[in-house]
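Visitor: I am new to protein models. Could you walk me through this one?

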Amino acid sequence: METEPSKEKINMGAEKMEAKVAARIAYQALEDKKGEDIKIIDISNVSVLADYFIIANGNNKNQVQALVDNVQEELDKVGVQVKQVEGYRMGNWILLDYGDIIIHVFSKEDRLFYDLERIWRDGKDISIEELNR
């Protein structure tokens with residue numbers, strides 16, 4: 001006799017799908033404003049912090065802020081609210097915390113200096129095509 005999945009498992013699956021959709025929207029928002037070297041790292045198997053890190057950089061403070069503004073605007077349109085924003089005023093490393101997705105937008109120099117990709121190398125780099133599946 002088959003048992004039905006628990007509501008908790010169903011909700012966890014829905015949250016994972018919601019995170020995936022939000023990550024796609026964030027990626028597209030970064031791409032639309034010419035974000036550079038956009039990386040998606042699936043950290044769901046190595047951390048309880050989030051499911052995805054999205055890392056990108058801009059060429060200057062104004063572009064970094066414009067990238068962040070566009071991400072917030074696009075996610076807000078679909079009802080995904082940012083939980084916390086750090087670093088906006090300085091504009092060299094802005095962190096957007098959406099719970100299941102954490103987005104880091106850097107200046108080129110700060111991205112090289114902090115090298116989050118190296119720190120989170122145990123996560124899985126995924127392409128936008130993989131995220132679209």
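Visitor: Are F53 and W120 buried or exposed?
Guide: This is a predicted model, where local features need pLDDT of at least 70, side-chain atom pairs count only at pLDDT 80 or more, and totals for chains, interfaces and linings use all residues. Residues are numbered from 1 along each chain as its sequence is written, and side-chain values use heavy atoms, leaving out hydrogens and water. Buried means under 20% relative accessible area, exposed over 50%, and partly exposed in between (1.4 Å probe, protein chains only). By that scale, both F53 and W120 are buried.

Visitor: Which type of aromatic pair do F53 and W120 form?
Guide: Rings of Phe, Tyr and Trp (its six-membered ring) pair if their centres lie within 6.5 Å; planes under 30 degrees apart count as stacked, over 60 as edge-to-face and the rest as tilted. The centres of F53 and W120 lie 4.8 Å apart, with 70 degrees between the planes. The pair is edge-to-face.

Visitor: Why is the pair of W93 and Y114 called tilted?
Guide: Their ring centres are 4.6 Å apart. The pair is tilted because the planes meet at 45 degrees.

Visitor: How many residues apart are W93 and Y114?
Guide: Helices (H or I, at least four residues) and strands (E, at least two) are DSSP runs, numbered from the N terminus. W93 sits in strand 4 (residues 93-97), and Y114 in helix 3 (residues 108-114). The pair links distant parts of the chain, 21 residues apart.

Visitor: What is the relative accessibility of Y114?
Guide: Y114 counts as partly exposed. W93 is also partly exposed, with a relative accessible area of 27%. For Y114, the value is 33%.
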